[in-house]
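The entries follow in the order I made them.

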Amino acid sequence: MLNNLENDSIFTPEQVLENRGRVAIFIDGSNLFYAALQLGIEIDYTKLLCRLTGGSRLLRAFFYTGVDRTNEKQQGFLLWMRRNGYRVIAKDLVQLPDGSKKANLDVEIAVDMMALVDSYDTAVLVSGDGDLAYAVNSVSYRGVRVEVVSLRSMTSDSLINVSDRYIDLEAIKEDIQKTPRQSYPYRPLSSMGFLEDPRETDGHLEIQD
């Protein structure tokens with residue numbers, strides 16, 4: 001019975017993906033950083049944005065990260081991100097008893113996904129954190145398609161189970177990694193046609209920071 005349904009499907013997988021509507025991207029910076037370490041690659045964030053958008057209309061790309069405000073290199077990176085198509089949501093790192101530092105931004109990601117749910121059709125969540133499963137399930141019930149992108153070994157089954165599509169970072173690493181000696185071109189993505197015209201957002205969001 002299932003095979004018959006698959007064979008009689010009206011839409012091919014490619015046609016389904018083409019009907020993504022407006023896309024909002026939510027990136028857990030810490031999760032992506034450690035996934036890249038495991039893969040042995042350095043992320044090219046221009047390529048990443050292109051790959052995740054996939055030719056669809058980008059409403060907004062959020063990048064959530066803990067921040068050390070005394071780290072000039074990190075501040076420079078975040079400035080580049082802000083000028084190249086990302087809305088950066090930063091939270092001060094908190095030192096833990098074991099001496100490590102951490103900033104948990106699950107709440108911020110969940111709140112933004114819910115607050116903007118009427119403004120996008122497809123959410124791309126770059127995280128493997130199972131704590132976000134409830135938020136993903138909630139926006140799904142509001143009619144939003146959710147794609148989860150993360151490294152399989154770092155991804156909770158509960159998150160995959162409530163998503164509409166799961167993409168393993170290992171499968172797309174060739175598309176999103178920096179080439180040797182590559183530096184970021186300081187050219188805003190808005191000039192490359194990836195961001196929506198602010199006049200087309202119906203007043204929900206402003207594109208420029």
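Where is the place of Q74? I found Q74 in helix α5. Ground rules before going on: I am working with a predicted model, where local features need pLDDT of at least 70, side-chain atom pairs count only at pLDDT 80 or more, and totals for chains, interfaces and linings use all residues. Residues are numbered from 1 along each chain as its sequence is written, and side-chain values use heavy atoms, with hydrogens and water left out.

**Entry: the whole chain.** I counted nine helices and eight strands. Both are DSSP runs numbered from the N terminus: H or I of at least four residues for helices, E of at least two for strands. Of the 209 residues in the chain, 43% are buried; that word means under 20% relative accessible area, exposed means over 50%, and partly exposed is in between (1.4 Å probe, protein chains only). The accessible surface is about 11800 Å², with 49% of that belonging to carbon and sulfur atoms. Areas come from the Shrake-Rupley method with a 1.4 Å probe, and for residues only the protein chains shown count as cover.

**Entry: back to Q74.** Is Q74 buried or exposed? I noted Q74 as buried because its relative accessible area is 19%. Leaving out residues up to four places away in sequence, Q74 touches T65, G66, V67 and D68 (contact means heavy atoms within 4.5 Å).

**Entry: the strands.** I checked β2 (residues 57-67) against β3 (residues 87-92), and they pair in the parallel sense over six bridges; pairing takes at least two DSSP bridges between two strands. F63 stands opposite V88 in β3. From β2 the chain crosses through helix α5 (residues 72-82) to β3, a right-handed β-α-β crossover. Right-handed here means that, with the strands pointing away from the viewer, the path from the first strand over the helix to the second runs clockwise.

**Entry: helix α3.** Which residues does A35 touch, not counting those up to four places away in sequence? I got L151, M154 and L169. A35 lies in helix α3 and counts as buried because its relative accessible area is 0%. I also checked A35 against S127: they are 92 residues apart in sequence and 9.4 Å apart in space, C-alpha to C-alpha.

L37 is found in helix α3 (residues 29-39) too, but L37 counts as exposed because its relative accessibility is 54%.
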